[in-house]
Amino acid sequence: MDFAASFALVLPELVLTGAGLVLLLVAAWGGDKAGRPIAIAAAAALFAAGILLVPALHTGADGPATLAFGGLMKIDSFALFAKALIYLAAIAALMIAPAFFDSPSAGTERGMRAEYPVLILFSSVGMSIMASASDFMTLYLGLELTSLTSYVLAAILRRDTRSGEAGLKYFVLGALASGILLYGMSLLYGFTGGTAFTAVRAGLTGEMGTGALFGVIFVLSGLAFKISAVPFHMWTPDVYEGAPTPVTAFFSTAPKVAAVALTARVVFEVFGAQVAAWQQIVMFMALASIIFGALGAIGQENLKRLLAYSSINNIGFILLGLAVANADGASAMLVYLFIYVAMSIGSFAALLMLRGEDGTLYETFADIRGLSVTRPAIAWALLMFMFSLAGIPPLLGFYSKFVVFQATIEAGLVAFGAIAIAASVIGAFYYIKFVKVMFFDEPAGVITGKSGAAHWVLLGLTALIVSPLGYLLTPSLTDLADKAAASLFLAV
Amino acid sequence: MEGLPILSLMMLVPLAGAVACLFSGASAARWIALGATLVTFVLGVMLWSNYQIGGPQWQFTERAALFAGFSWALGIDGIALMLIMLSVFLMPICILASWDSVTKRVGEYMAAFLFMEVLMIGTFAAQDLFLFYVFFEAGLIPMYLIIGVWGGDNRIYASYKFFLYTLFGSVLMLIAMFWMVAAAGTSDIPTLMQYGFPASAQTWLWLAFFASFAVKVPMWPLHTWLPDAHVQAPTAGSVILAGVLLKLGGYGFIRFSLPMFPEASAEWAWLVFALSMIAVVYTSLVALVQSDMKKLIAYSSVAHMAIVTVGLFAFNVQGLEGAMIVMLSHGLVSGALFLCVGVIYDRLHTREIARYGGLAINMPYYALFFLLFTMASIGLPGTSGFVGEFLALAGIYQTSSLVALVSTTGIILGAAYMLYLYRRVAFGGQVNEDAAAMSDISAREWAMMAPIAAAVLWMGVYPESFLAPMRADIAALDARLSAAAPVGDARLAPGAPREHAANAMEHHEGSETSSAKEGAH
């Protein structure tokens, strides 16, 4: 394969890298005044990169033609699906940011820092590489590019101690996770003699030695850290609460998609011949995430913290699709990811619209009491997102649970599915508490401020997707997810 | 009528009304809601009049592959038709019942009710297993809001309890549905009703469905959400809960548990009988000591629904027909009783029985209606309650005389608590000044009560109108169940029939015409 073909395959990443470098220079000379134009340009670059994905996504891509740079990267339908989702989430994170940084709560005098969109861009490049990695080296490169930009993003409010604390915690724990992952990779390299996914897979056939098993477990643990699955979830509530809200919205969507895609690729393409070795681990993580994500959320007062636990809970359901260990499960997982991203973006957009007269942001249960009287549109949208997250039909969140559980039961894991779905009722408790506070309680009357057009657009779009009308999307969504999942298994 | 998707239309009208209500002011919302429910009712009447008795089992079928994983498949048989009629009949009455009593957030309230109507029609008309589940489960959202926003003092607790109880019951059913669809390869309900699942799997599937329907019906000991939800809900909310939502459980048994898992149904019938017998006796006794009118009627609902489950699991035609009629009758009667409570609650703002008394003196028309519905609840011949309870108990007698014996005490106890309630509210002296000053029912309340009273009498005097559309479907169900039906203990031995009627007169050859004349006298 010549380099021209490889470059053609990674054109979206090239666009993003180029745009990131140019905008970095603009930011260096233009200063924070240029923040808003840079954000628009970054969103445009992400959109262009997304457009470049469409033809291949539509026709489907698999086989050797998708390998780039001698097998270091693999741009198949699976990677394309994940990338499209990542870019959309990144655009949303850019759209909701300026209004947040202008608010007095952010404590910045000059509004959004010009670095914010640039960091989002570089992070997106990293996530793209993660999604299409087919070698442990590219995997680590992508992961670290994403992680390093994320640490900075978490701490971007330099005068806010909570933000700094979030950045530091994220950095220390993230570095630990990277170390665990790296150690696992080195073990696998030592026992199989390669870093390419195909080489490691070939070395893992037949009876697996204890050393290789440790490698598998360390790699999975490192990845579990990145997707914040229980028992490696401890950093999530603190980081989500401390980080600026648009950054939290970003963390709970795009990097989650990338890390889940990466995990799926590793377990299927690398450990695909050793399902017995990892299936129980993933099943445990799935159940534990569902249960602890739900229990942890119950006592929370802060809405961001609550959504952090909610994301842990959702990761549990996503892992359910992974635990099934077949193409149906992978497809269900991708459908779940899409719907989860829509619900998360919508919830965070709504959270950012909880503003006082002077633009102060509110983020606790006490503040949203009686929201349905004072701001009915936001309250109804939040009601939809919460019931959707709880998986109550006819909202689209039900469909995401539907596909995942269907795959679980069809694969014969009936008891596992029954326990998981029973545990999901615990989660419903705090989602309906949201509705109770907004609809049943007397108004607190602090949320009176107006919100910008960008927020309304995002809220409207995501609410439309989550509404029953979103079911009309399901045939094409399922089609794309099936193609993506098939490409993941075709390689094996 | 050919080609007109009348079922979809019946769901579209209230849906459009719901959206319109959300965006309109209080008085406009009331009129929109009333208009939408009346139009839906008219469509329902058209549905009934175009339903061919003795025609194909599934009529008005619609199919559209709109979604991935399941399809938009609608269609009804006689059983679904009757329950849809019950829903669309009660709906305008619910709107009227809330006309003056609901004053805050009227638009949202009416929208919630109309949305509820869409879901109820959808639940009864769904022909796809997952579509059924979507409609079945989605009802939680509007009902949660109705109880929580417009309910009484303890509404938050009641709304949580209602939501979590019913959700927990339903999710296990969903797992069972996935298993069934994976095994049978289709989610089409008519096909699944004929599909033979292996007996070992049926046990688990039946239990999973039972978890959901037993909560919805509700059966003792899973009934505790019901008194809370009923008491705290606004009047119209109670009417819908008692009138239609409880029927979802019974409908689930008759549509899913019995035809899809006949062997497991026979195997677990003892459980249903045991729980029903406890429910009949226990909740009737609990009803006897209530001092809150709504709570009393709520507990009586549990007792009546236990007669339904007993009839359903009798595995014969009388039992099934009786159960269906009890469901329809209970939908009307308990709805009407809640309306009766609502009428005086609107005037005095208390449900405490002791605060009333002697209402027959100052509210004679009210007392008349209340008496009629009380008698229908007891099961007086001539009212709908009698027909249903008689058939259901006759059915169960063939299967188990012990269950019949215990269940029949429910009628006696029912008479006790209902007459005791009526005596304290309507008869006796006017002990309370303010209760004595209440005015009789208004024209709006007449419009709510009179149609239900007419329907109760119609069903009591000529139940054939309601039984005829269901006859073929119940016969089909009975045929499906007959292989699995347990041996009854009634030991019905057909004796030698008499040669003559018991009152035949001795007569001689040749005088036949004169004796025939005498007999005619």
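Guide: Two residues are in contact if their C-beta atoms, placed from the backbone, lie within 7 Å. Leaving aside neighbours within four places in sequence, Ile96(A) is in contact with Pro246(A), Ala249(A), Phe348(A), Ala349(A), Leu352(A), Ala454(A), His455(A) and Leu458(A). This is a predicted model, in which local features need pLDDT of at least 70 and side-chain atom pairs count only at pLDDT 80 or more, while totals for chains, interfaces and linings use all residues. Residues are numbered from 1 along each chain as its sequence is written, and chains are lettered from A and ligands numbered from 1 in the order in which they are written.

Visitor: Which residues have the most contacts inside the largest nonpolar core?

Guide: A nonpolar core is a set of buried Ala, Val, Leu, Ile, Met, Phe, Trp, Tyr and Cys residues joined through C-beta atoms within 7 Å. Buried means that 20 or more other C-beta atoms lie within 10 Å of a residue's own; 12 or fewer means exposed, and in between partly exposed. Here the largest core has 414 residues, and Ala42(A), Ala89(A) and Ile96(A) have the most contacts inside it. Helix 4 (residues 77–102) of chain A provides the largest share of this core, 22 residues. Helices (H or I, at least four residues) and strands (E, at least two) are DSSP runs, numbered from the N terminus.

Visitor: Why does Val387(B) count as buried?

Guide: Val387(B) counts as buried because it has 25 C-beta neighbours inside 10 Å. This residue is found in helix 17 (residues 384–399) of chain B. Beyond four places in sequence, Val387(B) is in contact with Ile325(B), Met459(B), Gly460(B) and Pro463(B). From C-alpha to C-alpha, Val387(B) and Gly460(B) are 6.2 Å apart, though 73 residues apart in sequence.

Visitor: How is the packing of helix 13 of chain B and helix 14 of chain B described?

Guide: Axes are lines fitted to C-alpha atoms, for helices over the stretch in contact, and angles run from 0 to 180 degrees between N-to-C directions. Helix 13 (residues 293–312) and helix 14 (residues 317–348) of chain B pack at about 170 degrees, with their axes 8 Å apart. Helix 13 of chain B is therefore roughly antiparallel to helix 14 of chain B; angles over 145 degrees count as roughly antiparallel, under 35 as roughly parallel, 65 to 115 as roughly perpendicular and the rest as oblique.

Visitor: How many residues of chain B are in contact with chain A?

Guide: The contact involves 27 residues of chain B and 28 residues of chain A. Helix 7 of chain B gives the most to its side, with 13 residues.
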